[in-house]
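Hi there,

Here is the structure I promised to pass on to you. Have a look at it first, and then read my notes below.

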Amino acid sequence: MNRGFYTIMAAQFFSSLADNALLIAAISLLAATNAPAWMTPLLKLFFVLSYVLLAAFVGAFADALPKGRVMFITNLIKIVGCAMMFFSVHPLFAYAIVGFGAAAYSPAKYGILTELLPPEKLVAANGWIEGLTVASIILGTVLGGTLVNPKIGAALMAVDVPYFDMGIDTPVEGALFVIVISYIVAALFNLRIPDTGARYSHQERNPVKLMVDFAGCFSRLWADKLGQISLAVTTLFWGAGATLQFIVLKWAEKSLHMALDRAAILQGVVAIGVALGAVAAARFVPLKKSLSVMPLGVAMGLVVILMTMVTNVWVAYPLLVIIGALSGYFVVPMNALLQHRGHVLMSAGHSIAVQNFNENLSVLTMLVLYALMVKLDLNVNIVIVLFGVFVSSTMLMVMRRHAANQREHDSLALIGEHKH
């Protein structure tokens, strides 16, 4: 990998670290203002909504400028969202602004990989990006929890900078100040990202034409024999992953009798597994063999069902690591393949925007279905079985679709194809 790739990794790490720390700070801010409990999950909804609503526009924006500059601008939008919380704007609205920045940041972050690296390095690049992102999620959550701790907050409030009043009057404000610093560090790395020299045709600015263009890209990617398979897998993965976070919390409460603070650690255990699987895929799976990992998606769904038999926390830890590792190992090659096909068929920014639209629509849909099952008061073990069967059966259907495609034409020969 060249130096530019490592600069992208550093920028992504600090930006994602701040995103996840800010979520904890926003939850703490809602609690401090005695907001109703139903507002807390809405933070996630408001953040993700931008990925769906803005999908038709962020791809064109990402392709209109050099990707490093796009990442810098969108990181500034995140800083604005964070600062709005500092100045007492409602956390839901402020975190929605951060989500707006993140939605525009993503096509540039992943799109630049296809401009910077040859196809054969995309799996390795995605493995390291995903592994680092998981690390930033874990460390960001820990950082956010540490910063809102009353003792740490008191220490931040006691910091005295000569001739400068930082205006930190509460522990949450101290946390927000540190998080802004993390965003600023990310912005500094953004400025160091090299210009790849990739330029695309003039990007449309008319909203209606942008939506028509997005619809065309959407149809093109789903019609492609490789694009539809990789897009189906990554769409399923992100929806399932978001739902699994909440399932693990409920399962820990009901089956392992763990309080929320301890149950949250189990999410980190799954994330560690994802990171291990992602790094292993980067090491052992070339782009040409990316579709060979699909059976692991079926296996992941079946292993999830084993959670219903576990009541001991020391058995839970390795089981969750295995679930995470299977997820990371099968999704990273599929993600790389999807980026490659998107780059060949259209442009980096547009293809990532289509991917984000599908994946986050899946997140919203599966979370709504999960909320419905919770409202119906279904036993958590029944929910786990339904979840595992859904993942495995969907992956089997995707594999059958790929086999049917192969009988018509050898689509694997398209892997490594140059841009049209």
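Ser88 sits in the loop between α4 (67–86) and α5 (91–116). Helices here are DSSP runs of H or I with at least four residues, strands are runs of E with at least two, and both are numbered from the N terminus. The phi of Ser88 is positive, about 70°, although Ser88 is not a glycine. Most residues other than glycine have a negative phi. Is Ser88 buried or exposed? Ser88 is exposed, with a relative accessible area of 66%. Buried means under 20% relative accessible area, exposed means over 50%, and partly exposed is in between, using a 1.4 Å probe and protein chains only.

Before you go further, please keep in mind that this is a predicted model, in which local features need pLDDT of at least 70 and side-chain atom pairs count only at pLDDT 80 or more, while totals for chains, interfaces and linings use all residues. Residues are numbered from 1 along each chain as its sequence is written, and side-chain values use heavy atoms, with hydrogens and water left out.

There is another loop residue to look at. His257 lies in the loop between α10 (225–254) and α11 (260–284). Its phi is positive too, near 55°, and His257 is not a glycine. His257 is exposed, with a relative accessible area of 64%.

How do α4 and α5 pack? Their axes are 8 Å apart and the angle is about 165°, which makes α4 roughly antiparallel to α5. Axes are lines fitted to C-alpha atoms, for helices over the stretch in contact, and angles run from 0 to 180 degrees between N-to-C directions. Angles under 35 degrees count as roughly parallel, over 145 as roughly antiparallel, 65 to 115 as roughly perpendicular, and the rest as oblique. The contact of α4 with α5 has 19 nonpolar, 6 polar and 4 charged residues. In this grouping Ala, Val, Leu, Ile, Met, Phe, Trp, Tyr, Cys and Pro count as nonpolar, Asp, Glu, Lys and Arg as charged, and the others, Gly among them, as polar.

α5 also packs against helix α3 (residues 55–64), at an angle of about 50° and with the axes 9 Å apart. α3 and α5 are therefore oblique to each other. On the α3 side, Val58, Phe61 and Ala62 meet Ala103, Ala104, Pro107 and Ala108 of α5. By class, this contact of α3 with α5 has 7 nonpolar residues, no polar and no charged. Contact means heavy atoms within 4.5 Å.

Next, find helix α1 (residues 3–32) and helix α6 (residues 122–147), whose axes come within 7 Å and cross at roughly 30°. The residues of their contact divide into 15 nonpolar, 9 polar and no charged.

Ser15 is a residue of helix α1. At 0% relative accessibility, Ser15 counts as buried. Which residues does Ser15 touch, not counting those up to four places away in sequence? They are Asn75, Lys78, Tyr105, Tyr183 and Ala186. With Asn75, the side chain of Ser15 makes a polar contact, side chain to side chain, at 3.1 Å. A polar contact is a pair of N or O atoms within 3.5 Å; within protein, one must be able to donate a hydrogen and the other to accept it, and residues adjacent in sequence count only if both atoms are side-chain atoms. The C-alpha atoms of Ser15 and Val180 are separated by 9.8 Å, and these residues are 165 apart along the chain.

In helix α6 you will find Ala124, which is buried with a relative accessible area of 19%.

Ser230, in helix α10, counts as buried at 0% relative accessibility. The side chain of Ser230 reaches the backbone oxygen of Leu226 at 3.0 Å. Leaving aside neighbours within four places in sequence, Ser230 is in contact with Met334, Leu337 and Leu338.

Finally, the whole chain. It has 15 helices and 0 strands, and 54% of its 420 residues are buried. Among contacts between residues at least 6 apart in sequence, 83% join residues at least 24 apart.

Happy exploring!
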